[in-house]
Amino acid sequence: MYEQFVELVRDTYQTNDIVPLHEPRFTGNEKHFLNDAIDSTFVSSIGAYVDRFEQEVAETVNSKFAVSTVNGTAALHTALILSGTGPGDQVLTQSLSFVATCNAISYCQATPIFLDIDRQTLGLSASALQTWLLDNADLEGGRCINRNTGKAISACVPMHTFGNMVEADRIKSLCEQYRIPLLEDAAEALGSQLRDTGSKEFAGTIGDIGVFSFNGNKIITTGGGGMVTTNDPQLAARAKHLTTTAKAPHRWEFSHDELGYNYRMPNLNAALGCAQLQQLNAYLESKRRLHQMYAEALPQMQLQLFPEPQHCHSNCWLNAIVCEHREQRDQFLEITNDQKVLTRPVWQPLHTLPMYAGLEHGELSNTQWFADRLVNIPSSVPPQTSAAG
Ligand SMILES: *Cc1c(COP(=O)(O)O)cnc(C)c1O
C-alpha cells in the first residue's frame, strides 16, 4: 500500500535514500556572500548584509519597513510587544499552529484564546472570530474588552498555515471594527499573495504587523532568522530598538532606555538570506509545479491533496494530504516513514498541550477534525529546479 506514492516521491526527488519533508537548497550565491561577510570581519550583529536583507525582504513583500531578528519566535515576541500586549492581556489566535505562536504570547505574560480554523484555509476562521467577538467582546474606551474576564484583547494573531492565506479581508475588517491590532504569523508564507484584491497584497502586510521565519525548513532560510514587517515608521523604529537591547544611540555610551532584547540577526545569517532571496521566485514557481503534480497524481492513488484556497496565490511551502480518518493517517505515516519518505502529522492542537490546557477557547471542531487527518508530504524544491535556478 502507498507504494505508488513512495515511488512518485522518489522519482520527483531522484533518490533512493531518505527524502526529507523539507530541505534547503544552496545553489546560488550563498558561499560567495558568506565568504564576503567573513572577509569583511562583520560576522555578528551589525553589517551590510543585515541592512540589505531587511531592505530586500521589505521590497519582496511590498512592506515599507522590515526589521530582522534572530528567529521567527523572537519576531513574534517583538511584534506582540509592539501591539501593546502585556501582562494580563488576552490574544485571539488559532489552536492549530506551531507552538511558537502561542509561546510568544506567553512570553508577554498574556494568555491565548484559541479559536477554530477555516476548512478552506486551515488558518484562523473569520466566522469563528466573528462569533467569538459577538458573544464575548465589548468596546470600552476604544479598546476591546473580554466581557467574561474584563481583560483587554490586545491582539489577534492569525497564522497562514503552510503558506495558505487566511480570509484576510474579513479578519481585517473585524479587527478594525473591534480595534484589535492585527498581527500576522506569516512565518510559513513568504511570497503568498491575495488574488482578489487589486493590490495583490502579500502575507505579512495585511495587518498592522507581520512576522516571518527563515528557519532551515522554511521556503528560504538564513540558518535561523526572522523578520518583523510593518508600514508604520514608529512601529518599525521601536522594533529595531527593542531587538537591539534598547540602546540609546551614542558613539560610546552604553545607555539603555527600556527593557530590550538581543534579538539581532547576525550578518552571517543575513548574507545567507540575501543569496536565498535571489532564488525565491524560482522556488515559488518550482513549488507551484510540485503542488500541481501532486494534485494530478494523488487522486489516482486514493489520496486527497489539501487544495490551494481560491482567494490566494499560495507559496505552496508545504503540501498536505487529508486522510479519511486517524487510523488511515497513522498507517500512512508508518508505511511512508518505514520507506524513508519522511511524512509528518500536523501539530497537536495547542489547547491540548499541557501548558495551554484549560484556557479559554471557542468551538474547535475543524481544528480537531484536521488534527486527526492532515499529513505533510515531502515538499522541498525538487532537484532539477535547483540546478537550473
Ligand atoms: C517556523 C514558525 C515560527 C517561527 O519559528 P522559528 O523557528 O523561531 O524561526 C512561528 N510560527 C510558525 C507557524 C512557524 O511555522
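This is a predicted model: local features need pLDDT of at least 70, side-chain atom pairs count only at pLDDT 80 or more; totals for chains, interfaces and linings use all residues.
Residues are numbered from 1 along each chain as its sequence is written, and side-chain values use heavy atoms, with hydrogens and water left out.

Trainee: Which residues of α3 are buried?
Mentor: Helices are DSSP runs of H or I with at least four residues, strands runs of E with at least two, numbered from the N terminus. Buried means under 20% relative accessible area, exposed over 50%, partly exposed in between (1.4 Å probe, protein chains only). By that cut-off the buried residues of α3 are Tyr49, Val50, Phe53, Glu54, Val57, Ala58 and Val61.

Trainee: Why do the buried residues of α3 line one face of the helix?
Mentor: An α-helix has 3.6 residues a turn, so residues three or four places apart point the same way. The arc is taken from the directions from the helix axis to the C-beta atoms. Seen down the axis of α3, the buried residues line one face because they fall within an arc of 165 degrees.

Trainee: Which exposed residues does α3 carry on the face turned away from its buried side?
Mentor: α3 covers residues 48-61. The face turned away from the buried side carries the exposed residues Ala48, Gln55 and Glu59.

Trainee: Which residue follows α3?
Mentor: α3 has 14 residues. The residue after α3 has a positive phi, near 60 degrees, and is Asn62.

Methods:
The expected span of a helix is 1.5 Å times one less than its number of residues.
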